[in-house]
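The account is intended to be read alongside the three-dimensional view.

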Amino acid sequence: MLTYTFRRLLIAIPTLLFISLIIFLLLDLAPGDPLAQMPLTVPPEVKQKMREALGLGEPIHIRYALWLKQFFIVEPLHIFDAMFGTNIGGDAQRIISWQTRSPVADIIAQRIPQTLWVVGLAYVVGVAIALPIGIISAYKQYSWFDQIGTFISMIGFSVPTFFTGVVLIIIFAVNLQWFPSIYNTTHKVTDWDSFVFQLRQMAMPVAVLALYNASQISRFMRASMLDNLRQDYVRTARAKGLKERVVVLTHVLRNSMIPVVTVIALGVPTIFGGAIITEQVFKVNGLGQLLITAIHANDLPMVQTLTFIFAILIVLFNLVADILYGILDPRIRYD
Amino acid sequence: MTDTNLVTAAAPAEAPSNQWRDVWRQFRSHRGAMLGLIVFAAILGSVILGPFIWSMDATFVDMRARNQGPSGAHPLGTDQLGRDMLARLMAGGKVSIAVGMTAMGLSIFLGTVIGISAGFFRRLDGVLMRLTDLFLALPLLPLLLVMVMLFREPLSKRFGPETGIFLLIVVAIGVTSWMQTARIVRGEVLALKEREFVLAARSIGTSPFKMIVRHILPNVLSPIMVSATLGIASAIITESALSFLGLGFPPDFPTWGRLLFDAVDQIQLYPMRVILPGIAISLTVLSVNYIGDGLRDALDPRIRGR
């Protein structure tokens, strides 16, 4: 298992390098000029110097290598410094956003909590709803519960999140006025009332994303339970006289969780990337919204860094899913 | 020996039953799929034939008639520039469905070619599957957004704003959604390759190309058809998501996603304008997904018998 993990980690390195090259080359074709908005009174020599300071004059492979160095060496050192108060990073050149002229990593660090709170919570809620629904609808296949569950999950992944979000806003924010339609990120939780407000403003985005996630995971759960319920060992367990509860919740559920856990792990990166639309609907200023504004403002370093972070997360959680599969299922041995 | 063979071969001729009729019979018994088919046909019909009956121009601006509710002149009301909503919905649907179909075609073509080559030619297998894994590891929605941002201007300069953006979005969705099809097709081809009829075909000297076209492709048609239907649904969603994020078609060029995006600003005053295109998208995607579900059951010979 350990050698397998190690080998997979080694394979992940060229994969990530290749993806970073794709992202870098794609963005390098961008038509935008970061100095386009400089005042015309700035003399051309100064402009040229600024260009070089931003690293624009160099040939492409040098810029790529420089970006890799900044991303993999300089930025982690700075994050380390910020966490432990050391000064290893020194004043090495960091990745600077063209929009705000501040380091990209700092802005991302500011945005991560919002994304994690709203989208991460939605994922947890979605999984918590999906598992029982999947179990019950598999156990009572073709019952009314199963039919309704199937229909709702069909709706869940057919109706785009920007539409469910907008409908919720119309119903609960405009007509009933229960929840605010816009997420207020400057809000701080200090006492009970502000905590309730925080819950209220999180309710709708979390509900939208939870429905979307739950509809997919519950289908997997149902299919996996159905596969296992038909197995011989279930009949054996029942024949031994075990209680139905034990048969379903211990024997079947444990075995059915194996593929579902990997699906859940594979879905984690979408917490960060796939929630772009929901963040846009409810004006949550998380990572997705940061990406959209960076794209509209032609802020290449920001777009590059964010896209690459999403790619790293995908590769990482693919690895986690494979390893989990190996740990949970003794029949699978990679060595 | 030969006699009994003749008899069994002659028996089906009396009760003609071919594969596609069985598939159709199974498909009809799937209630959701039939309903989906009817709804999708209705949407397709109203989008294609509707403009001939309701011949109002979707881009005609009538400032005096803006923000109107439903009336005889405008059955679904008008938008903030006085354009007729019914006409805009039909025009938008035409673009959305056209994008969905074309992007699905491209993605299925890529997926099938890559899947068959990977499954059939052992030498290509490793390389092509690595490529598929790489594409699966890409953050797709961010990359789609970046692609639209980068190539919107040059393409609309070269082909005109409408064709340029259409090409861009179709190609962008197509090249980022072929991976699942490729994987499924490869798996099927690998299993097919071990079958006797392939060996028989090879032993009479069939060339690889003929083999693929005549023996492999017809046998992998059913998974391809299923992923094609599901592909339409996801392509429509992706296109409307891009439009919703403001990175799709230009404003005066209606698609369902664009209509929804334009109406979100005035959601408190005119919620109907958001709901109509939203329902159109959702109904289309839902019906297509149900059709895909029914097709999957109907094309699966293990289920079909029951």
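This is a predicted model: local features need pLDDT of at least 70, side-chain atom pairs count only at pLDDT 80 or more; totals for chains, interfaces and linings use all residues.

Along the principal axes, the C-alpha atoms of chain A fill a box of roughly 85 × 60 × 40 Å.

The domain assignment divides chain A into domain 1, residues 11–84, and domain 2, residues 106–328. Taken over C-alpha atoms, the centres of domain 1 and domain 2 of chain A are separated by 34 Å. Domain 1 of chain A contributes 12 residues to the contact, and domain 2 of chain A contributes 11 residues.

The extent of such a boundary can be expressed as an area. The size of an interface is often given as the accessible area lost when the parts come together. Between domain 1 and domain 2 of chain A, the buried area is about 1100 Å², and carbon and sulfur atoms give 85% of it. Which three residues supply more than any others of the area that domain 1 of chain A buries against domain 2 of chain A? They are Leu16(A), Leu27(A) and Phe71(A), which supply 44% of that area.

On the side of domain 1 of chain A that touches domain 2 of chain A, the elements that give two or more residues are α1 (2–28) and α3 (60–84) of chain A. Of the elements there, α1(A) gives the most, with seven residues. By class, this side of domain 1 of chain A has 10 nonpolar, two polar and no charged residues.

Attention now turns to the interface between the chains. Chain A and chain B bury about 3300 Å² between them, with 87% of it on carbon and sulfur atoms. The contact takes 38 residues from chain A and 37 residues from chain B. How many salt bridges and polar contacts are found across the interface of chain A and chain B? The rule finds zero salt bridges and two residue pairs in polar contact, both residues of each pair being at pLDDT 80 or more.

At least two residues each of the side that touches chain B are supplied by α1, α5 (144–158), α6 (161–175), α10 (276–282), α11 (287–296) and α12 (300–328) of chain A. The largest share, seven residues, comes from α12(A). The side of chain A that touches chain B has 32 nonpolar, six polar and no charged residues.

In an unreviewed entry, UniProt gives "transmembrane region" for residues 116–139, 151–175, 195–215, 257–277 and 308–328 of chain A. Residues 116–139 of chain A are 100% helix and 0% strand, with end C-alpha atoms 34 Å apart. Residues 151–175 of chain A are 92% helix and 0% strand, and their end C-alpha atoms lie 27 Å apart.

For chain B, an unreviewed UniProt entry places "transmembrane region" at residues 34–54, 95–121, 133–151, 163–185, 220–249 and 269–292. Residues 133–151 of chain B are 84% helix and 0% strand, with end C-alpha atoms 25 Å apart. Over residues 93–292 of chain B the chain is 84% helix and 0% strand, and the end C-alpha atoms are 20 Å apart.

Notes:
Residues are numbered from 1 along each chain as its sequence is written. Chains are lettered from A and ligands numbered from 1 in the order in which they are written. Side-chain values use heavy atoms; hydrogens and water are left out. Domain bounds come from an automatic or database domain assignment. Contact means heavy atoms within 4.5 Å. Buried area is the accessible area (1.4 Å probe) that two parts lose on being put together, summed over both. Helices (H or I, at least four residues) and strands (E, at least two) are DSSP runs, numbered from the N terminus. Ala, Val, Leu, Ile, Met, Phe, Trp, Tyr, Cys and Pro count as nonpolar, Asp, Glu, Lys and Arg as charged, and the others, Gly among them, as polar. UniProt positions are given in the numbering used here, feature names are shortened, and annotations may be inferred rather than shown by experiment. A salt bridge is a side-chain nitrogen of Lys or Arg within 4 Å of a carboxyl oxygen of Asp or Glu. A polar contact is a pair of N or O atoms within 3.5 Å; within protein, one must be able to donate a hydrogen and the other to accept it, and residues adjacent in sequence count only if both atoms are side-chain atoms.
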